[in-house]
Amino acid sequence: MTQDRLVTRSSVLTVIGALVVFLLIWRAIVFIGGYPPFILPTPEAVFGRFLKAIGDGTIWPHFITTLQEVAFGFAVGAGAGVAIGYLLARSALVERLASPYLVAAQAVPILAIAPLLALWFGPGLLGKVVICSLIVFFPVAISTMVGIRSVDPRLLELGRSLRATRRQVLTTLEVPAALPSILGGMRVGVTLAVVGAVVGEWAGADRGLGVLINLARGSLFDIPLMFAALLTLALMGIVLYLAVVLVERRLVGVR
Amino acid sequence: MIPAIHPRPSHRSLEVLVSSSRSHSRSRSRFAALGLTFAFLVSACGSGSATQAPAASAGCGGAVVPASPVASPACSFGYPATTDNASHEPSLAPTALTVGLGYIPSVQFAPFYLAQQQGWYKDAGLTVTFQNKIDPDLIALVGAGSIDVGIADGTSVIPAVSQAIPIQYIATLYGQFPNVVFAKASSGIKTAADLKGKKIGTPGRYGSGWIMLQALLGSAGLTTNDVQIVEYPDYTQRIAVAQGVVDAATGFSNNEPVQLELGGDPATVLHIDGITALPGPGLIAGKAAIETKHDAIAAFVAVTLRAMDEVKANPKAGLDAAIAAVPELASDRAGQAAVLTATIDSWTGPVQKEFGLGAIDSNGWVDSIAYMTTLGLVPNPVTVDRLVRTDLLPGGD
């Protein structure tokens, strides 16, 4: 057995061990506290409700809707973040003009402006994509700016001395050097996109995991179902995060 | 008529306080444990990458429970004169009650404000603290015992009890179901059938407004697929109606249609009452709180109902109390007065007209359970006995 396989097996066991400890603590809290299901359901009740909701098709339409919002929102937000982040890194004028607004926009709670965004862009997919994009944009833009600025100036100088074009500098020097930082921002951004989708759905929607959470909590009082929806969101976030990690490993290797 | 709110014996009050204190202490430890666990989990994830003589006794065994008759203006809200000598002894310590009102402080809660400001709760041996919470949170908090008494939609109580949340509906506040469909009178909409093909604004496809809309459309042989639903999650559907963006909208009889008319547009209002029995908002209490604070909750209900009677007889007193509690309301005194008038109107349905404010229509609850079951909102069977109790009403059995 190779060293790599041993490391992988050890990592998997650690993750499983942490999950078991998490579930045991959760179960112990319910047992010791004597909490009824409407305050804190047991893990087995949540898992059972999760399987039932998947089996009877309750979760799927909500899952698909939220996944679409996250995918489009992340694509738009990350794309804009990389572009603006690059400009911020390379243009002092753009930085002076845009930075205060970017920071101010980041300081405004998205929860507070989500109803307005839903009003402006409608209760459909567009409104959710805008909210997701806004929440994804900032970490990706900042990480891109930091990544581009971290390129060794001596390499840039070398490129210029070799009469490299702007495009060549970008593709052969700046992007490869900034990629780890950009993908780090995307790791954060993709999980925030899930949060953004739920916030957008809370501001107005008839489908999505955020809607299911509200229905389960506020209309059906089915707290295990609410936890099942939260579990689905968590799994979605984990899978998307791992997807970015895989892309990162492929592009820049293990760090 | 002699009001008879029974103050609780002093030793029992102390027991309740001690019990309450222990309970709070337990709650704190539980939440501390939860907090610690949450912190641990987050870090783990990070590393992994007064009773009153009944006005009527008829109906107790069946459909309708009598509630308090209108209090005489001369009656005292202090420790009341009763025929029970023991109850003349005031409690050494008042019983603390936490009461959850609706999400936003409002003129609709005028009776609570009035009773508090006039010291009527205090005189009944109560220390009442108000909190503002949204309906679903309030139901869970009342069920968990964090809040003793709250206001909740009857249509929320049914699914909540069906999901084993230990609460019970103890007094009706709104005898008329307050959720309505409203439209400009000029729209030509006069009946539920007129809604076919129309654009209807609603905050969302959930809650009592959505249930009411389905029932109203159903009364005309329609479903929500026969109309065009436009969602206004920020509750701006009144503006949409006023601007003609939608033809009609769901709202509350004491809010949106009133505001529409204040803006100069006569309104048509379609009520569900008389079509499908749906229980309006009322007071709920947790089963544990009813066990430990039965008499205090009964006293709270009695004082509140009497305050409602007082506001009904003298709306200005209610408005002044609401403005004293929420000074921001003073900027729109006329509008608030109109809202209060509409609110007072909606307190009295046929049952309350016959038996007094607070009376519970048990038959209506039976019909509601049946209707909500057809909507798939009652996952586990419930009975009226589990949902409603009447012994906390003045003169209740």
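## Where the parts of this model touch

Let's start where the two chains meet: 25 residues of chain B are in contact with 25 residues of chain A. Keep in mind that this is a predicted model. On chain B's side, at least two residues each come from α1 (10-47), α4 (135-144) and α5 (154-162) of chain B. The biggest giver here is α1(B), with six residues. Sort the chain B side by class and you get 16 nonpolar, five polar and four charged residues.

Chain B also has a meeting place of its own. Where the two touch, domain 1 of chain B puts in 15 residues and domain 2 of chain B puts in eleven. Which elements give two or more residues to the domain 1 side? They are α12 (333-347) and α14 (362-374) of chain B. Of the elements on that side, α12(B) gives the most, with six residues.

| Domain 1 of chain B, touching domain 2 of chain B | eight residues | six residues | one residue |

Now for a sheet in chain B. This open sheet has five strands in the order β7-β6-β8-β5-β9 (chain B), and the pairing is mixed. At the edges sit β7 (228-231) and β9 (267-270) of chain B, each pairing on one side only. Neighbouring strands are turned by 35° against each other on average, if you ignore direction.

Look at one pair of strands in that sheet: β5 (residues 179-184) of chain B and β9(B) run antiparallel and are joined by four bridges. Along this pair, B:Val181 stands opposite B:Leu270 in β9(B). Helix α6 (residues 207-219) of chain B packs on the sheet, where it touches β5, β6 (199-202), β8 (248-252) and β9 of chain B. The direction of α6(B) makes about 70° with that of β5(B).

Finally, hop over to chain A and find A:Ala141, which lies in helix α6 (residues 125-149) of chain A. Is A:Ala141 buried or exposed? A:Ala141 is buried, because 28 other C-beta atoms lie within 10 Å, and the cut-off for buried is 20 or more. Leaving out residues up to four places away in sequence, A:Ala141 touches A:Gly81, A:Ile84, A:Gly85, A:Leu88 and A:Leu102. As for A:Val169, 28 residues from A:Ala141 along the chain, the C-alpha atoms of the two are separated by 20 Å.

Notes. Residues numbered from 1 in each chain as written. Chains lettered and ligands numbered in written order. Predicted model: local features only at pLDDT ≥ 70, side-chain atom pairs only at ≥ 80, totals over all residues. Contact = placed C-beta atoms within 7 Å. Nonpolar A, V, L, I, M, F, W, Y, C, P; charged D, E, K, R; others polar. Buried ≥ 20, exposed ≤ 12 C-beta atoms within 10 Å, placed from the backbone. Pairing = 2+ DSSP bridges. Axes fitted to C-alpha atoms, helices over the stretch in contact; angles between N-to-C directions.
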